[in-house]
Amino acid sequence: MLTVAVGSQNPVKVDAVRSVMGRLIGKVKVTPVKVDPKVPSQPIGVEQTLRGAINRASLALEKTGADLGVGIEAGLIEFPQTKTGYMDFQYCAITDREGWTTLGCGPGFEYPPHVIQAVFTRKIEVGVAMMELTGIKDLGRKQGAIGYLTHGVIPRKKLTEISVIMAMIPRINKQLYTTTNTPLKKKATQKKT
């Protein structure tokens, strides 16, 4: 049986990994592991967010010796065409004992301006700002901000599952990702006369 360590004790993340691995691989044992992702509690930018996901995956693997380590990190990514200038994206990193790390990302969404303003002026996490806005304690361990903002159409578990599936693509299509690098043939272009 494949063993999977998730670098988080958040039940939404753990359930999402269990669900995806069960569908793609079959029977798996999923273990939540408390780790320090070594990034700010509210990651800003691709670098911090991706680094948090990778650190979570590698530390979970290191602590347990599982077959796979999974790290999931959400962060605010600069997106100038939005009202607030930021969108939230969730990254997933999956690493194995051979050192192969695959990455995935879920769809992005924009928080209300009040939330982004609170994050930057009061230096708080989006989860705290969303709790203040909604009055729902531990929103991130339930439907998440995305569940609240989509009126339940997309709960956090579903958003998390998407990022995990994206990171699994190279693993479930290993033959496409481990062959020798052969350049794609360029199409001959004909000049119009």
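**Cysteines and strands**

Guide: To start, the structure holds zero disulfides, where a disulfide is a pair of cysteine sulfur atoms within 2.5 Å.
Visitor: Okay, but what's a disulfide in general?
Guide: A disulfide is a covalent bond between the sulfur atoms of two cysteines.
Visitor: Is Cys-92 buried or exposed?
Guide: Cys-92 is buried, because its relative accessibility is 0%. Buried means under 20% relative accessible area, exposed means over 50%, and partly exposed is in between, using a 1.4 Å probe and protein chains only. Cys-105 has 28%, so it counts as partly exposed.
Visitor: Wait, where do these numbers come from?
Guide: This is a predicted model, where local features need pLDDT of at least 70 and side-chain atom pairs count only at pLDDT 80 or more, while totals for chains, interfaces and linings use all residues. Residues are numbered from 1 along each chain as its sequence is written, and side-chain values use heavy atoms, leaving out hydrogens and water.
Visitor: Got it. New topic: how many residues of β4 are buried?
Guide: For strand β4 (residues 86–96), 11 of its 11 residues are buried. Strands are DSSP runs (E, at least two residues), numbered from the N terminus, and helices are runs of H or I with at least four.
Visitor: Which way do those β4 residues point?
Guide: Tyr-86, Asp-88, Gln-90, Cys-92, Ile-94 and Asp-96 point one way, and Met-87, Phe-89, Tyr-91, Ala-93 and Thr-95 the other.
Visitor: What does β4 pair with?
Guide: β4 pairs with β3 in the antiparallel sense over 11 bridges, and pairing takes at least two DSSP bridges between two strands. In that pair, Leu-68 stands opposite Asp-96. β4 also runs antiparallel to β5 (residues 101–105), joined by five bridges, with Ile-94 partnered by Thr-102.
Visitor: And what's between β4 and β5?
Guide: Four residues, making a hairpin, and Gly-99 in the turn has a positive phi of about 90°.
Visitor: Back to β3, what else does it pair with?
Guide: β3 pairs with β1 (residues 2–6) in the parallel sense, over three bridges, and Val-4 stands opposite Leu-68 there. Nine of the 11 residues of β3 (residues 68–78) are buried, so the rest of the structure largely encloses this strand.
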